[in-house]
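Biologist: I would like a close look at the aromatic rings in this protein. Please take me through how they pair up and what surrounds them.

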Amino acid sequence: MRVNRTVLLGLALTLGALPRVASAQEREDRTLLTQEQMTSIINEVSGDRAMQHVLELVPYQFVRLPSDYDKQFRETRVVADFAKDYGFANVTVETFNDDAKTFQPTVGELWMTTPKNVKLFDIHDVALSLASQNANGDLSGELINLGAGRLEDFDGKDVKGKFVLTSGNTGQVYNLAIARGALGVLGIVANSPQRAIDYPRQIMWSTVVAKPGTVAWSVTPEVRGYLESLIARGEKLTIRSVTKSTEVSGRSEYVHAEIPGDGSTSQEVGISCHLFEGLVKQGANDDNSGCAMTLEVGRAYIKLIKEGKLPPPKRTINFQFVPEISGTNAYLNKYPDKAKAMIGTLNFDMEAIRVSASRSYWVLQRTPDSFPSYLNDIAQSMMEYVSDITRERVRFRRSFSGYAPTQPVESPHGSKDAFYIKIDKHYGSSDHVTYMQHGIPAVMFITWPDMWYHSSEDTPDKQDPTQYKRAAVVGLGGLVALSTGTDAMAAKVVAENLARGTGRMGEAQVKGLGYITDAGDAGLPMAYREARNAIRHQAEIEKAVVRSANVMWTDVPAGKKKTAAIASLIDKRAEALLAEAQATFQMEAAQHGIGASEPVVTPEEREAAAIMVKPGPKAPAPGTRGSPAPGPNLPDEYMAEFQILVARGNMTVLQIRDFLSGEFTPLPLADLMATLKAREAAGLITLTRK
């Protein structure tokens, strides 16, 4: 039957203009909670409330009064009061290091007195400008420019009784200058040249313990350049520094609060942020934003439970607002039963920067391969869900509402920016590391890069309520999945681990086959070996991930039986990938006209397989950083994992090399041996034959 084409076109246009009867979301938009639950979370969490929290916590960077150290700090009171108002249970404030002492500046003025009288900095304008918190005195002297302030820059320069101007790091140049009789240093924290260009009025946080009669100031790149230009044209500059400080209590304090479980399990979970990172630096994003958002996650959870829109948690949820790392350690050491009960923690460190303004992503830092965990996939699932529903996808486009997201997650006073996310490998330096040191899996969410991080410009005006809302949706969704405590959720998590593990094994294969196809004639056998190592490594990690999820079952031994067959299935998947790697190797060998014999163990590998690596007599205690290790060191991306593996003391040199190469990229055995030998000479490790 022939149909008029004009009629068909009209019908198509009419159907296209009609609203969908079905949901705008398709099946791929799924996560561990139901769509109804996720929508309830999206409707309830408020980026504007979180923004209000941060404005109460750190409206501006301020100089604390000495009397502030004799009572609870402002930030502590704000968090505790909000938590009580919102209905959190067991809200407590605890202190530690009660006998410690520190210094609080009360006066800090930096002047140029000749060739004209100009106040350059006042700590009541820019609190981070005075690097030496313990400095006292009224000091005047000539200012001389030492450029980068390297050791050789002091050659032939008389700095005695003078101030030194430098483009180098304030603290490092201070030590060199004071040893030569200088009065003080005006420097910058020169670890980010790009930030100095983009933000010339920014001061990076720096701390110097000053010797009596000396002082250290951190100045902006703009002021440093101005002073440098005056000196360059022959002006003689005189600097005057006026500082007063007083000794105060150096105690630390944290806030703990809970949403109680129903008593059916002894397991607990955590959500954490750091309320303090020292008492002089007060960062709106680092990390008052994490605390402001965590408060909002708890408020919304409590309200949605009361309304029957979310199930009450079976596992007690611990909310931690702490001094970074030290506070988490203090709590877990004081309450070892809590540490034993916790099965996972979500750590939020720097959450609210407007990502488009800072050229940033909101990043999930996974647990390292040395601590494989089910928790990563809970977090990743939530992040990807929110990212997908908050963008316009052309296949969902309708003529009356094009350019619209599937489900907006935006705040009334926030941006409409895209939700830029990235799932990344582990990186340390926050409280998630401390949890893992206590045996608790933990992931970190962070905005990076943050162009105002650790600086005088880490203030609330850089933040975006929409970013707060999206982060809070991810946080609350993940927390519900983690705390629900049912076998139905356990099964979902295991399935998520298994399915996403397939993708990660595929990524390992992509990496490995790339080694093979990129290798030349001579390097082909070794490239094939590295490809096999990458695939095998990932298979072992994925089996461990599924095993880690056993804690989610209400009856853990019974749960282990339910998932017992999965490990052999992962091994079979690995065998198939290894066969494909072999086929690729053979194809490339034929391309190069060389034999495709299997790689053999080299004498160096045989020797490395016979040497055990154990902590030495000078190894740092668990949970501490210790002194900087002597060089040579491995590239940065290996170091955190390398130190974990070495501290365990149960691996050979070859096992460490293969583990690091499988997790990252191939690590030359000679480079690893050089690093190990240097550490052995320093007493940090011992190398013994098996």
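Modeller: Two rings of Phe, Tyr or Trp count as a pair if their centres lie within 6.5 Å. Planes over 60 degrees apart make a pair edge-to-face, and planes under 30 degrees apart make a pair stacked. The model is predicted. A search of the whole structure gives 16 aromatic pairs.

Take Phe 88 and Phe 319. Their ring centres are 4.9 Å apart. Their planes stand at 85°, so the pair is edge-to-face. This pair links distant parts of the chain. Phe 88 sits in the loop between α4 (74-86) and β1 (89-96). Phe 319 belongs to strand β11 (residues 316-323). The cut-off for buried is under 20%.

Now turn to Trp 448 and Tyr 453. The centres of their rings lie 5.1 Å apart. The planes meet at 85°, so this pair is edge-to-face. The surroundings can be read from accessibility. Trp 448 has a relative accessibility of 40% and counts as partly exposed. Tyr 453 has a relative accessible area of 23%, and is partly exposed. Partly exposed covers the range between the buried cut-off of under 20% and the exposed cut-off of over 50%.

Some rings group beyond a pair. Phe 96, Tyr 254, Tyr 331 and Tyr 335 form one aromatic cluster.

Charges meet rings too. The charged end of Arg 180 sits over the ring of Phe 154, at 5.0 Å from the ring centre. Arg 251 lies over the face of Phe 73. Here the distance to the ring centre is 4.8 Å.

Phenylalanine also turns up around the cavities. The whole structure has 3 cavities of 30 Å³ or more. Phe 276 is among the lining residues nearest its centre, as are Leu 275 and Glu 277. Strand β10 (residues 268-276) gives the most to this lining, with 3 residues. The lining of the second largest cavity has 2 nonpolar, 5 polar and 6 charged residues.

Note on methods
Residues numbered from 1 in each chain as written. Predicted model: local features only at pLDDT ≥ 70, side-chain atom pairs only at ≥ 80, totals over all residues. Heavy atoms only, no water. 1 Å grid on protein atoms, 1.4 Å probe; cavity = no way out; pocket = protein on both sides within 12 Å on 5 of 7 lines; lining within 4 Å. Points joined across faces, edges and corners; volume = space filled by probe spheres on them. Helix = DSSP H or I, 4+ residues; strand = E, 2+ residues; numbered from the N terminus. Nonpolar A, V, L, I, M, F, W, Y, C, P; charged D, E, K, R; others polar. Phe/Tyr/Trp six-rings, centres within 6.5 Å; stacked < 30°, edge-to-face > 60°. Buried < 20%, exposed > 50% of the residue type's maximum accessible area, 1.4 Å probe, protein only. Lys NZ or Arg CZ within 6 Å of the ring centre and 35° of its normal.
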